[in-house]
Structures are given as structure tokens and as C-alpha cells.
Amino acid sequence: MSNLYSYVKVDRPAPKCLVTSQEIRDRGSAFVGSVYRASTSEEAKAAISHHRNVVHAGKKAYEISAWRCMMLKHGKTGLGGPDDFEVITGYNDDGEQWAGSKVLRVVQNEGVLDAVVIVSRWFGGTLLGPARFAHIETCAREVCRTFKRIEEMEECISTLIRLDNMLANLRQELNDLTQNAELVTGGSTSTPIASDEIDNAQGGRSRQPDYTVVQGDLDIAKAKRLIGARESAVKSVKSLLLKKRTILASTKAEG
């Protein structure tokens, strides 16, 4: 068994770049921003190393970086609420003096958490002066804002999936209650519900929505419209369920 373990190598998945900014060129220099998820300083440094040695292998660049992570305080469990956590920040100029702190300031101003932002600069041979900092901040700001949109979209998708599951359960409950009511009443009730109401409420329960396109496009407005539609559908089915329960209870009382 010990010989078997010597052949087994377990690696963590390689860090994944979520967003890359548009490239800025100025007098031969080029600037590009990137962002990775990072919940700890160690993960941030691993992402920076991956970016430098894998993504940009053989392409010498200044990899200016900054990270901001929400972490548990030493000895805390998280059960004590917000006071159990602290925000850890850090940055690396990578030879571009003062640049790392400027990236960190952008990350803080944009409210980004659990991420590391890297701005790669390829030097073209001409000194740019303060203009280089403006380019670095522009690239950092672009990826930070897209990262926030990704987070917002993920929250929307999570909400949609929760509402879809709730709607499926309610529709199944309505279907079961409808069948039960028909058995009790022999297919008729003194206060019938329009069949098209039931059909609309029950329709689509077997289809699994696919949000791949809306998520890929980061179409937040469309995602929010879908959430509104799901909430309306949930409300409608709940209303029909209440009607069905009232009718069934009344029929049983009369019987």
C-alpha cells in the first residue's frame, strides 16, 4: 500500500482567471488586468504565481497585484457573528514601485472581497511617468466591476434555482390536491376553479430551466425579470392551492 501512495499525486485545481480587461497600450507599454477568486492570502499568492509562471510563461511582465479576503480571526469559529471575521489585505508591486497600493485602493473602493486583482504591465522602453498609474487603475477598476457583476449574477441564479424548486414543489402539491379533490367530489365542485388557471399553474413543471446564456452574458436585468416572473408564479400557485384547500374542506364538511 505504501508503494501505491508513492505513485499518487493529488493536486489542487489550477487557479481560474474569471475576467480579463481590455488591453491599454501607451508608447510601447501594454497593460492588462485580471481577477481570480482567493479566500486567503495563500490562495491569492498561488494565483499570482500561476498567472506569472503559467498564463504568462515566457512573457516577462510586471505582475502588479492586490488582494482582499474575508477570513476568520484566529481562534474563532464564525458562530459569533461578524466580529469573528476580519478583512485581510495585501499587495505586491513586483518592481513597479507604488503600483500595488494603487491596485489595492481600487479593490477597496469597488468593494471587492475574496479576490486577487493582477495588472500585468509589459514595459516598452519609454518611461510613462504618472500615466502608468492611471492605466493600472483603469485595468484594475474594469475587472473589479465585472467581478462584482459576476457575483451579483451568481446570487440571481441561486435565487432562480431556489424559486424553481419551490415552484416545482408547489405545482406538484397542486396537482396532487387537484386529483384528491376530484376523487372526493367525483370530478365536480360547487365552486369550480377555471381549468386554464390550473393548467397555467401546473404547466412547465417537468422542464428544467437553463440559465447558461443569461449567466454567460451577465444580463443582470434579464435575470431580475426572471426572478420577478418566478415570484409571481409562486404567488399564483399558492393562491390556487388556498382555493383548492378551501373547496376541499367545504366539500368534506358538507359530506
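**Charged contacts and strand pairing in the predicted model**

The charged end of K102 is placed over the ring of F133, at 4.9 Å from the centre of that ring. This arrangement, like those described below, belongs to a predicted model. Pairing between aromatic rings themselves does not contribute to the picture, as the count of aromatic pairs comes to 0.

Contacts between oppositely charged side chains are present as well, and the structure holds 11 salt bridges. One of the salt bridges is formed by R52 and D94, whose closest N and O atoms are 3.3 Å apart. Because R52 belongs to helix α2 (residues 41-55) while D94 falls in the loop between β5 (85-92) and α3 (99-109), this pair ties together parts that are 42 residues apart in sequence. R52 has a relative accessibility of 29% and therefore counts as partly exposed, and D94, with a relative accessible area of 24%, is likewise partly exposed.

A further salt bridge connects R132 with E96, and here the closest N and O atoms are 2.9 Å apart. R132 lies in helix α4 (residues 131-185), whereas E96 is found in the loop between β5 and α3, so that the contact ties together parts of the chain separated by 36 residues in sequence. With regard to accessibility, R132 counts as buried, since its relative accessibility is 15%, and E96 is also buried, its relative accessible area being 7%.

Beyond individual pairs, salt bridges that share partners join E96, R121 and R132 into one network.

Turning to the strands, β3 (residues 29-37) has 8 of its 9 residues buried, and it is therefore largely enclosed by the rest of the structure. Strand β1 (residues 17-20) is joined to β3 by 3 bridges, and these two strands run antiparallel. Within this pairing, V19 has V35 of β3 as its bridge partner.

Strand β2 (residues 24-26) is also connected to β3 through 3 bridges, again in an antiparallel arrangement, and R25 stands opposite A30 in β3. The two strands β2 and β3 form a hairpin that has 2 residues between them, and R27, which lies in the turn, has a positive phi of about 50°.

Strand β6 (residues 115-122) pairs with β3 as well, in the antiparallel sense and over 8 bridges.

Key: Residues are numbered from 1 along each chain as its sequence is written. This is a predicted model: local features need pLDDT of at least 70, side-chain atom pairs count only at pLDDT 80 or more; totals for chains, interfaces and linings use all residues. Side-chain values use heavy atoms; hydrogens and water are left out. Rings of Phe, Tyr and Trp (its six-membered ring) pair if their centres lie within 6.5 Å; planes under 30 degrees apart count as stacked, over 60 as edge-to-face and the rest as tilted. A charge sits over a ring if NZ of Lys or CZ of Arg is within 6 Å of the ring centre and within 35 degrees of the ring normal. A salt bridge is a side-chain nitrogen of Lys or Arg within 4 Å of a carboxyl oxygen of Asp or Glu. Helices (H or I, at least four residues) and strands (E, at least two) are DSSP runs, numbered from the N terminus. Buried means under 20% relative accessible area, exposed over 50%, partly exposed in between (1.4 Å probe, protein chains only). Two strands pair if DSSP finds at least two bridges between them.
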